[in-house]
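Try each task before reading its solution.

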Amino acid sequence: MTPPDAPTDTSTGTARGGRRSFAEVFAALSDVQGWMTQAQAERLWAAASRLGAGARIVEIGSYHGRSAIVLSSASVPGVEVYAIDPHGGNDRGPQQIHGEFAEGQADHETFMANLAREGVRERVTHIRKPSQDATDDVPGLLEVVYIDGAHRYEPARADIVRWGRKVAPGGTLLIHDSFSSIGVTLALLTTLVFGAKFRYVGRSGTMTEYRREDVRGPAYLSSVLRQLAQLPYFARNVFFKVLIVLGLRRVTRLLGHGGEWPY
Ligand SMILES: C[S@@+](CC[C@H](N)C(=O)[O-])C[C@H]1O[C@@H](n2cnc3c(N)ncnc32)[C@H](O)[C@@H]1O
C-alpha cells in the first residue's frame, strides 16, 4: 500500500511530488482553532503518509479542521478521507459539552472555509452526523481511524468499539484526550487496555496510537503494562484540570504546568 515516493516522516520539511510539506501545513494551521499540538499533528501525518491510493482514513470529530487538514494533506491522492462531525454545537471541546446549534453551524461554516483555504476541500468527504449513526456511511475496512469526537464515556466507548471493529489488520487507531479526559480514559480501560486486538504503540501528549493486530503472550503483557503506566499521567492531567476549574491556573504554573487545559 505504500507508494515509493510517500513521505514517511515529518523531519525533512520539504514538499515531495508537488505536495506541501508538514512544516508548511502546520504553519498554515496557526489560525485554525483547536487542540492539537505539533507532536500530535506529526503523529497523524506519519500515519496518513504511510498509505497508498485506495486506502481509507476516518476522522471522528473535526471541529474547525485542524486534524482533517493534516490527514488530507499528508495522504497521497487516491486515499479517501472521511471527516465525521454533526457540528451540532454539543461536545465541542474542553468544558463545552452543552451548546447551541448556532455554534455548531458556525463551526461547520468555519470548517468548510478552512478546508477550502488549505486546498483540501475536494479531498475530504464530510459526513454531518454523529459518529454512532455513520458507521454504514463508510464502506469496507479502514487503514486509519482517528477518534476525537464526544469525550463522555458512552460515546467515547461506542466510537472505540464500533469504529475500532472497522480498522483493517495492521491499521492504525488514534485517540485524542486519552489519559486526560475521564470519559475517554474509562472507555480505554473497558476496551483497549486489556483487549487483545490492538497493540499500544505510544502517545504524543494525550493522543494515543494503537496498531490493529492480535496481541498475545509477552507482547500482550507489554501492551497492557505500558498503558497502565500512563495512569500517573492521567492523575496529573485530572489534577491540573481540577485546579483550572477552581480558578487556580496560577498554581498550575507554579507547579511547572503552562496553565493550559491539558491535551
Ligand atoms: C475536540 S473537537 C475535534 C477537534 C479536531 N479533531 C481538531 O483537530 O481540531 C470535538 C468535535 O467533535 C464533534 N462531535 C461531538 N459529538 C460528536 C459525535 N457524536 N460524533 C462525531 N463528532 C462529534 C464536535 O462537534 C466537535 O467539533
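**Exercise 1. Find out which stretch has a pLDDT below 50.**

Step 1. Start with the whole chain. The average pLDDT is 91. A score of at least 70 is reached by 93% of the residues.

Step 2. Go to residues 1-16. Here the pLDDT is below 50. The model still gives this stretch 28 contacts beyond near neighbours in sequence.

Step 3. Decide how to read it. Where pLDDT is low, predicted coordinates should not be read in detail.

**Exercise 2. Describe the largest nonpolar core.**

Step 1. Pick out the members. There are 31 residues in this core. Those touching the most other members are Leu-29, Leu-44, Ile-57, Val-70, Leu-115 and Leu-174.

Step 2. Ask which elements supply at least two residues each. They include helices α1 (22-28), α2 (38-49), α3 (66-74) and α4 (101-117).

Step 3. Zoom in on Leu-44. Beyond four places in sequence, its contacts include Val-70, Leu-71, Tyr-146, Leu-174 and Met-207.

**Exercise 3. Characterise the second largest pocket.**

Step 1. Take the volume. The pocket holds about 200 Å³ of space.

Step 2. Find the main contributor. Helix α5 (residues 153-164) gives the most to the lining, with three residues.

Step 3. Sort the lining by class. Five residues are nonpolar, three polar and three charged. The lining includes Ile-160, Thr-191, Phe-198 and Arg-212.

Methods
Residues are numbered from 1 along each chain as its sequence is written. This is a predicted model: local features need pLDDT of at least 70, side-chain atom pairs count only at pLDDT 80 or more; totals for chains, interfaces and linings use all residues. Side-chain values use heavy atoms; hydrogens and water are left out. A nonpolar core is a set of buried Ala, Val, Leu, Ile, Met, Phe, Trp, Tyr and Cys residues joined through side-chain atoms within 4.5 Å. Buried means under 20% relative accessible area, exposed over 50%, partly exposed in between (1.4 Å probe, protein chains only). Helices (H or I, at least four residues) and strands (E, at least two) are DSSP runs, numbered from the N terminus. Contact means heavy atoms within 4.5 Å. On a 1 Å grid over the protein atoms alone, a cavity is a set of points where a 1.4 Å probe fits but cannot get out, and a pocket is an open set with protein on both sides within 12 Å along at least five of seven lines; lining residues have an atom within 4 Å of a point. Grid points are joined across faces, edges and corners, and a volume is the space filled by probe spheres set on the points. Ala, Val, Leu, Ile, Met, Phe, Trp, Tyr, Cys and Pro count as nonpolar, Asp, Glu, Lys and Arg as charged, and the others, Gly among them, as polar. pLDDT is the predictor's confidence in each residue, from 0 to 100.
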